Each structure stands twice: as structure tokens, then as C-alpha cells.
Amino acid sequence: MNSTKFARYSLLIALTSVICFGSLALKNTVQKLEGELKAINYSIQSDIKTIHVLKAEWSHLNNPGRLRKLAAKHISLNPIQAEQIINYSELPFNHESGDSRKIAARKNISNHAEHNRELKRLTGAHR
């Protein structure tokens, strides 16, 4: 009977030791995971703040009034003249050689500009 009691107590002590060791290991794992979660949450909050700042900077940089002032200061653009607008069909095609393309393009553009001047003259006469 002594050996049965001893075996029972040994088994109880071993089982208690395994449960305590398992609980300790589980506690350490949970603490480690909580630390990782805290670091990830901090990183997310930091990224959200950075995105907020970048959106504010983007809004400032794309402000139409600011862009208008910068364009007026750095780019000298004039309004589009009617002579500058041509149809796609008046452009030279790629299968033409280099010099003939340039000559054809100049001819097409000058013909179109002449046509536009004629239209301006005619519309000016009716007004």
C-alpha cells in the first residue's frame, strides 16, 4: 500500500509541476504577444498620424490658388489661339519619311491657319 500511495503522490506532484510549468510558459507567451500587439498598435497610430500630416501637406500643395500663382510666376502661358488647333487628320502619318513629314505638317498647319483666318474674317464681317 505504501508503494501505491507513493506512486499516487509522485504522479500528483509531477502533474502539478507540469501544470505549473505549462501555466508559466503560457503566461510568458501571452506577455510576449501583448508586447508585440502594443508595438503594432503604436506603429498603426504613428502611421495614421503620418497619413494625416501627408494629407494636410497634399491639400496645401494642390491648392488651386497656390498653383495658379506658381504657374503665373514660373510658366509664361498665353491663351490658345485658333490657329494652334488642328484636326488629327491634318497631321502627317508615320509612314512618311522625316523631311516629307515635316514639310507635310507645315503645309497642313499653314493651310489650317489660313482657313481659320478666313473664318475669322468672315465671322468678323457678319458682326
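Reader: What pLDDT does the chain average?

Author: Happy to start there: this is a predicted model, where local features need pLDDT of at least 70, side-chain atom pairs count only at pLDDT 80 or more, and totals for chains, interfaces and linings use all residues. Residues are numbered from 1 along each chain as its sequence is written, and side-chain values use heavy atoms, leaving out hydrogens and water. pLDDT is the predictor's confidence in each residue, from 0 to 100. Here 83% of the residues score at least 70, and the chain averages 83.

Reader: Thanks! Where is confidence lowest in the chain?

Author: Helices are DSSP runs (H or I, at least four residues), numbered from the N terminus. The chain has 3 helices. Confidence is highest in H1, with a mean of 94, and lowest, with a mean of 70, in helix H3 (residues 98-126).

Reader: Is isoleucine 13 buried or exposed?

Author: This residue sits in helix H1 (residues 2-61). Buried means under 20% relative accessible area, exposed over 50%, and partly exposed in between (1.4 Å probe, protein chains only). Because its relative accessibility is 56%, isoleucine 13 counts as exposed.

Notes: Helices (H or I, at least four residues) and strands (E, at least two) are DSSP runs, numbered from the N terminus.
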